[in-house]
Amino acid sequence: VPCTETVLRTKDLTVKFDGFAAVNKVNLAVARGELRVIIGANGAGKSTLLDLLCGKTLPTEGEVWLRDRNITGIGEAAIARSGVGRKFQTPSVFKEMTVLENLQVASNRRTGVFANLFSWRSPRPTDVEAEVAARTGLSDVLGRRASELSHGQLQWLELAMVLSQDPKIILLDEPAAGMTAAETDKTAQLLLDLAGSHTVLVIEHDMAFVKRICRKITVMHQGAVLAEGTASEIERNQAVVEAYLGS
Ligand code: ADP
Ligand code: MG
């Protein structure tokens, strides 16, 4: 039994918009339990890469593999069902529902949101929901309406909704964006806690934040992977300094 299993792998993943390669022959391998951070300047192709991984955007060429399955082009819904969990955007939280009710919707998403919305909802969390709430710091606000949450709590609820779907990999685009220093702190703790039990791929541009959470960093530049390594390796890499860190 190999001690490291690759959960997500891309092969020469490329997307061109009118001939412009926003993502250019990216080969990425994320191991099970890894917390990988992708950094890079604005426009480097980070968000577009996530769009390709979750099927929101179709690649012009190349492949995406989830464990031993080629998921290229199977569609966004099928990719989500196969275990690629991308943090929902804010509108996917039901603002008039409580935190717990949102978690219940998320854990029933496979069987359909409407069936769940019209069914009797237990006021108590299941063990899984309680654990997800604890890990995301939401245990004390399970009964609160989502509309009453702070910006940080709303982000954690979205993450909790992804977690309750038991994803094989979690994709996060700048999870601490817009957060206060205290919320950013808590998000770093949360991600560190997730690492090991979950496989997480995070886009982040704040190097201080990256250094707190990360073991292995992938640097993107003009759509391509420029370098990979630990924070100290990246900071000593001349090409990275010139393309990104030095600016
Ligand atoms: P990052 O997230 O690293 O800041 P993006 O992935 O958002 O970068 O964008 C990478 C490049 O691709 C940018 O130059 C952007 O303008 C371009 N791009 C992204 N999506 C599209 C699209 N749908 N059509 C045309 N150009 C796009
Ligand atoms: Mg982006």
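**View 1. Val93 in the loop between β7 (84-86) and α3 (99-107).** Helices (H or I, at least four residues) and strands (E, at least two) are DSSP runs, numbered from the N terminus. The model is predicted: local features need pLDDT of at least 70, side-chain atom pairs count only at pLDDT 80 or more, and totals for chains, interfaces and linings use all residues. Residues are numbered from 1 along each chain as its sequence is written, and chains are lettered from A and ligands numbered from 1 in the order in which they are written. Val93 has 20 other C-beta atoms within 10 Å and is therefore buried (20 or more such atoms, placed from the backbone). Between Val93 and Glu158, the C-alpha to C-alpha distance is 6.8 Å, although 65 residues separate them in sequence.

**View 2. The largest nonpolar core, of 62 residues.** Such a core is a set of buried Ala, Val, Leu, Ile, Met, Phe, Trp, Tyr and Cys residues joined through C-beta atoms within 7 Å. Leu103, Leu157, Ala160, Ile169, Leu171 and Val200 have the most contacts inside it. Helix α6 (residues 151-163) gives the most to this core, namely seven residues. The core lies between domain 1 (1-83 + 168-247) and domain 2 (87-166), because both give residues to it; the domain bounds come from an automatic or database domain assignment.

**View 3. Contacts of Val200.** Leaving aside residues up to four places away in sequence, Val200 touches Leu35, Ile170, Leu172, Leu191, Leu194 and Ala195 (C-beta atoms, placed from the backbone, within 7 Å).

**View 4. The residues around ligand 1.** The shell (C-beta atom, placed from the backbone, within 6 Å) includes Phe17, Asn42 and Lys46. Helix α1 (residues 46-53) supplies its largest share, three residues.

Notes: Buried ≥ 20, exposed ≤ 12 C-beta atoms within 10 Å, placed from the backbone. Contact = placed C-beta atoms within 7 Å.
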